[in-house]
Amino acid sequence: MSLPPAIEKFLSAFLGLDADAAGRGALGRTVAAIMHQEGITDPGVYEKLCLSSPDARQRLIDAVTVGETWFFRDRGPFIHLGRHARDFRGNGLLKILSAPCASGEEPYSIAMMLLAEGFAPAAFRVDGVDVSAVMLDKARGACYGRGSVRGHLPAHAAPYFRETAHGWQVAGEVVRQVNFYRENLVEPASLAGRGPYDMIFCRNLLIYLTADARRLVFKKLDDLLRPGGLLFTGHTETTFWHQQGYLPLA
């Protein structure tokens with residue numbers, strides 16, 4: 001099934017999703033599957049359902065948002081985090097945002113890195129936000145399968161995992177450092193009152209957004225990041241931020 005224009009318009013308006021960047025064919029198949037689950041064959045009827053029903057809308061969001069991630073993904077950002085965290089803390093609480101956080105591997109990796117660097121639990125806080133309720137439920141459960149660990153875990157991270165019959169359980173001392181919130185970054189009122197943050201991780205989101213949605217996210221994160229703060233972005237997204245005046249950290 002091709003992606004119905006009515007649903008493409010809805011996803012663009014509500015999530016800022018660029019269908020071509022996200023994969024039009026894959027989106028079409030996903031929408032067809034969820035329409036089948038809803039017992040609807042007419043895209044126009046399904047669009048009206050999504051507009052009128054928060055539950056149906058959330059089911060669509062959960063189905064189409066990208067949730068693939070793993071602990072210490074790309075390693076480099078976490079090495080830089082450990083290297084520079086004390087420089088950005090100042091004399092107060094170090095506040096870090098992971099947005100979007102998907103199923104929680106990234107914010108938990110941040111917390112593990114800071115604990116391993118000797119930060120006391122009272123010295124920092126990590127906020128993880130995502131638009132998917134399903135992903136956030138998994139994040140709060142803090143139990144992960146083998147796919148969430150790629151290669152070998154860094155030596156400093158191993159003590160923060162416990163192997164169970166259901167997978168790898170993140171240690172409570174790490175879980176307590178992270179707060180999770182459901183937020184849609186392209187909504188004007190999202191994250192109101194949550195900043196400022198000393199560091200923001202926003203990786204592999206902008207590549208899936210329309211130009212208008214990217215501008216909204218730029219403005220929001222720029223307002224949330226304190227002056228002189230540190231932004232971590234995806235490899236393919238650095239150009240976007242350079243265009244906004246951000247400079248690379250040596």
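This is a predicted model: local features need pLDDT of at least 70, side-chain atom pairs count only at pLDDT 80 or more; totals for chains, interfaces and linings use all residues.

Biologist: How many aromatic pairs does a search of the whole structure find?

Modeller: The search covers the whole structure. Rings count as a pair if their centres lie within 6.5 Å. The number of aromatic pairs found is 12.

Biologist: Which kind of pair do the rings of phenylalanine 71 and phenylalanine 161 form?

Modeller: The two ring centres are 4.9 Å apart, and the planes stand at 90°. Planes over 60 degrees apart count as edge-to-face. The pair is therefore edge-to-face.

Biologist: How many residues apart in sequence are the parts that this pair ties together?

Modeller: Phenylalanine 71 lies in the loop between α5 and α6, while phenylalanine 161 lies in strand β4. Phenylalanine 71 and phenylalanine 161 are both buried. Phe71 and Phe161 also belong to one aromatic cluster with Tyr108, Tyr144, Trp168 and Phe180. In sequence, the parts tied together by the pair are 90 residues apart.

Biologist: Is tryptophan 241 buried or exposed?

Modeller: The ring of tryptophan 241 makes an edge-to-face pair with that of tyrosine 246, with centres 5.0 Å apart and planes at 70°. The cut-off for buried is under 20% relative accessible area. Tryptophan 241 has 3% relative accessibility, so this residue counts as buried.

Biologist: Which residue lies over the face of tryptophan 70?

Modeller: A charge sits over a ring if, among other conditions, CZ of Arg is within 6 Å of the ring centre. Here the distance from the ring centre of tryptophan 70 is 4.4 Å. The residue over the face is arginine 73.

Biologist: Which strands stand at the edges of the sheet?

Modeller: Three strands form an open sheet in the order β3-β5-β4, with antiparallel pairing. Two bridges join β3 to β5, and cysteine 143 stands opposite glutamine 169 in β5. An edge strand here has a single partner, so one of its sides is left without a neighbour in the sheet. The strands at the edges are β3 and β4.

Biologist: How many disulfides are there by the rule used?

Modeller: A disulfide needs two cysteine sulfur atoms within 2.5 Å. The sulfur of cysteine 202 is 11 Å from the closest cysteine sulfur, in cysteine 101, which is too far for a bond. Cysteine 101 is buried at 2% relative accessible area, and cysteine 202 is buried at 0%. The count of disulfides is zero.

Biologist: Is arginine 146 buried or exposed?

Modeller: Arginine 146 forms a salt bridge with glutamate 163, with the closest N and O atoms 2.6 Å apart. Arginine 146 lies in the loop between β3 and β4 and glutamate 163 in strand β4, so the pair ties together parts that are 17 residues apart in sequence. Glutamate 163, at 49% relative accessibility, counts as partly exposed. Arginine 146 has a relative accessible area of 56%, and over 50% means exposed.

Terms used
Residues are numbered from 1 along each chain as its sequence is written. Side-chain values use heavy atoms; hydrogens and water are left out. Rings of Phe, Tyr and Trp (its six-membered ring) pair if their centres lie within 6.5 Å; planes under 30 degrees apart count as stacked, over 60 as edge-to-face and the rest as tilted. Helices (H or I, at least four residues) and strands (E, at least two) are DSSP runs, numbered from the N terminus. Buried means under 20% relative accessible area, exposed over 50%, partly exposed in between (1.4 Å probe, protein chains only). A charge sits over a ring if NZ of Lys or CZ of Arg is within 6 Å of the ring centre and within 35 degrees of the ring normal. Two strands pair if DSSP finds at least two bridges between them. A salt bridge is a side-chain nitrogen of Lys or Arg within 4 Å of a carboxyl oxygen of Asp or Glu.
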